[in-house]
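Here is a short briefing on one protein model. Please look over the sequence and the fold before reading the points below.

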Amino acid sequence: IRSAEEAVTESYQSLVDLQHELDENVKFTKESMNNFNISQDGGLWATISMWQIFQQQRLLSRQQEMQAEFQEKLLAYLMKSKDGLENGLP
């Protein structure tokens with residue numbers, strides 16, 4: 001079990017490093033590597049909670065991106081429609 005825990009911890013560290021290297025909008029902090037713990041001594045639940053919070057933040061970020069994209073397209077459509085009405089087009 002211990003070697004599996006170490007492998008998961010190394011994978012998590014690689015994930016954090018890649019997130020920072022790629023400059024992701026939502027990412028784990030480098031300091032979170034110190035808190036990452038999947039041992040059966042209780043650290044597992046804290047890590048699960050940390051992961052859930054991360055997923056919620058990613059979802060919120062994506063929703064904001066989609067909202068901004070929608071607003072841009074709506075504004076472009078409305079401006080195009082306004083120009084058409086001013087030029088006598090239906």
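Is Ser-61 buried or exposed? Ser-61 counts as buried, because its relative accessibility is 15% and the cut-off for buried is under 20%. Keep in mind that this is a predicted model.

**Ser-61 and its surroundings**
- Ser-61 sits in helix α3, which covers residues 43-86.
- Setting aside neighbours within four places in sequence, Ser-61 is in contact with Asn-25 and Val-26.

**The nonpolar core**
- Val-26 also belongs to the largest nonpolar core, which has eight residues.
- Tyr-12 is in contact with Phe-28, Phe-36 and Met-50, among others, leaving aside neighbours within four places in sequence.
- The contacts of Tyr-12 also include Ser-32 and Met-33.

**The surface of helix α3**
- Phe-70, Leu-74, Tyr-77 and Leu-78 make a nonpolar surface patch of about 420 Å².
- Tyr-77 lies in helix α3.
- Tyr-77 counts as exposed because its relative accessibility is 53%, and exposed means over 50%.

**Ala-68**
- Ala-68 is in helix α3 as well.
- At 34% relative accessibility, Ala-68 counts as partly exposed.
- Ala-68 and Tyr-12 are 56 residues apart in sequence.
- In space, Ala-68 and Tyr-12 are 31 Å apart, C-alpha to C-alpha.

Notes:
Residues are numbered from 1 along each chain as its sequence is written. This is a predicted model: local features need pLDDT of at least 70, side-chain atom pairs count only at pLDDT 80 or more; totals for chains, interfaces and linings use all residues. Side-chain values use heavy atoms; hydrogens and water are left out. Helices (H or I, at least four residues) and strands (E, at least two) are DSSP runs, numbered from the N terminus. Buried means under 20% relative accessible area, exposed over 50%, partly exposed in between (1.4 Å probe, protein chains only). Contact means heavy atoms within 4.5 Å. A nonpolar core is a set of buried Ala, Val, Leu, Ile, Met, Phe, Trp, Tyr and Cys residues joined through side-chain atoms within 4.5 Å. Patches are made of residues with over 30% relative accessible area and no salt bridge: like charges are joined within 9 Å, nonpolar side chains (Val, Leu, Ile, Met, Phe, Trp, Tyr) within 5 Å. Accessible areas come from the Shrake-Rupley method with a 1.4 Å probe; for residues, only the protein chains shown count as cover. A salt bridge is a side-chain nitrogen of Lys or Arg within 4 Å of a carboxyl oxygen of Asp or Glu.
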